[in-house]
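Subject: Handing over the structure

Hello,

Here is the structure I promised to pass on. My notes on what was found in it follow below.

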Amino acid sequence: MDQILYDVKDRVAVITLNRPEVANAQTMELLDDLDAAWSRAAADDEVRVIVLKGNGKHFSSGHDLKSGGPPPAKITLESIYAVEARRYLEYTLRWRNVPKPSIAAVQGKCIAGGLMLCWPCDLIVAAENAQFSDPVVHMGIGGVEYHGHTWELGPRKAKEILFTGRPVTADEAEKVGMVNRVVPLDELEPTTMELAGQIAQMHPFALRQAKRAVNQTLDVQGFYAAIQTVFDIHQTGHGNALSDVGFPVLLRHAGMKDKLKSE
């Protein structure tokens with residue numbers, strides 16, 4: 001079964017995460033296919049708006065730490081950096097800067113790496129049951145690779161969710177401006193598609209310029225430089241995990257995600 005589904009209707013490209021049996025946990029292959037879908041939508045002149053959603057009860061439980069078989073006998077910081085610089089940093093920044101409006105539709109759990117899928121989108125529509133969390137401090141790491149936390153939540157709320165690992169509810173996220181709309185679960189898809197259809201009626205060049213204006217303003221304020229810098233800070237966390245807590249903690253964290261399969 002394809003891990004990523006792709007469809008276009010009425011000038012809206014819909015990209016769907018399609019691993020509901022594991023709460024849309026992200027393998028490296030899924031991320032590669034997801035990037036290809038984003039690139040496909042960006043290159044299609046018939047597409048004016050991109051929607052990202054997840055099949056099943058949860059948007060995404062984050063990175064699939066159990067994918068690819070048992071862990072190798074030795075992992076180096078250099079090898080981790082090379083993989084993450086491409087699939088986590090390069091991909092997310094590219095999705096953020098696709099010159100077309102994008103909307104994430106989020107339900108259920110959105111954990112750690114899940115944030116790296118919805119945060120690059122221009123708008124977020126959340127179901128009432130949506131919960132956003134980044135509990136990787138439990139792994140000896142200070143936060144996921146794409147540090148949108150401070151920009152999306154503000155500094156104190158960002159510190160709170162990182163220090164405690166607790167989830168942010170959809171209502172909380174809307175109050176701080178991270179989420180545009182909160183709707184009942186059964187209205188998530190129709191609300192998202194209605195919003196996408198409304199935006200798709202606008203002039204495509206004007207949409208592109210409006211998006212660029214906002215993104216460039218954030219970059220002037222330091223967003224791009226901060227993302228690059230905090231990515232390197234994240235890598236020191238990997239160094240700590242490898243030398244201190246090691247694989248047992250990483251695998252325990254992966255085991256926490258297993259519980260989502262039955263929820």
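Is histidine 234 buried or exposed? Histidine 234 is buried, because its relative accessible area is 6%. (Buried means under 20% relative accessible area, exposed over 50%, and partly exposed in between, with a 1.4 Å probe and protein chains only.)

Before the rest, some ground rules. This is a predicted model, in which local features need pLDDT of at least 70 and side-chain atom pairs count only at pLDDT 80 or more, while totals for chains, interfaces and linings use all residues. Residues are numbered from 1 along each chain as its sequence is written, and side-chain values use heavy atoms, with hydrogens and water left out.

Overall picture

The protein has 9 helices and 9 strands. (Both are DSSP runs numbered from the N terminus: helices are H or I with at least four residues, strands are E with at least two.) Of its 263 residues, 48% count as buried. Take the contacts with a separation of 6 or more: residues 24 or more positions apart account for 75% of them. (Contact means heavy atoms within 4.5 Å.)

Histidine 234

Back to the residue I opened with. Histidine 234 sits in helix α9 (residues 223-258). Its side chain reaches the backbone oxygen of glycine 143 at 2.6 Å.

Helix α7

Helix α7 runs over residues 188-200. Its 13 residues should span 18 Å at 1.5 Å a residue, and the end C-alpha atoms are 18 Å apart, which agrees. (The expected span is 1.5 Å times one less than the number of residues.) The buried residues of α7 are Leu188, Thr191, Thr192, Leu195, Ala196, Ile199 and Ala200. They pack against the strands β2 (12-17), β3 (49-54), β4 (102-106), β6 (123-127) and β9 (181-183), and against helix α8 (204-220).

Salt bridges

How many salt bridges does a search of the whole structure find? It finds 10. (A salt bridge is a side-chain nitrogen of Lys or Arg within 4 Å of a carboxyl oxygen of Asp or Glu.) Three of them are worth a look.

- Glutamate 90 and arginine 94: the closest N and O atoms are 2.9 Å apart. The two residues are 4 apart in helix α2 (residues 77-97), so about one helical turn separates them. Glutamate 90 is partly exposed at 39%, and arginine 94 is partly exposed at 32%.
- Lysine 211 and aspartate 122: the side chains meet at 2.9 Å, N to O. This pair links distant parts of the chain, 89 residues apart, with lysine 211 in helix α8 and aspartate 122 in the loop between α3 (115-118) and β6. Lysine 211 is buried at 9%, whereas aspartate 122 is partly exposed at 29%.
- Glutamate 160 and lysine 157: the closest N and O atoms are 3.6 Å apart. Both lie in helix α5 (residues 155-164), 3 residues apart, about one turn of the helix. Glutamate 160 is partly exposed at 30%, as is lysine 157 at 24%. Lys157 and Glu160 also belong to a network of salt bridges with Arg166 and Glu172.

A general point on helices: there are 3.6 residues a turn in an α-helix, so residues three or four places apart point the same way.

The second largest pocket

The second largest pocket has a volume of about 590 Å³. Of the 23 residues that line this pocket, the closest to its centre are Cys121, Asp122, Leu123, Val214 and Asn215. The elements giving two or more residues to the lining are β6, α4 (149-153) and α8. Of these, α8 gives the most, with 6 residues. (On a 1 Å grid over the protein atoms alone, a pocket is an open set of points where a 1.4 Å probe fits, with protein on both sides within 12 Å along at least five of seven lines; lining residues have an atom within 4 Å of a point. Points are joined across faces, edges and corners, and the volume is the space filled by probe spheres set on them.)

Best wishes

Definitions and conventions:
A polar contact is a pair of N or O atoms within 3.5 Å; within protein, one must be able to donate a hydrogen and the other to accept it, and residues adjacent in sequence count only if both atoms are side-chain atoms.
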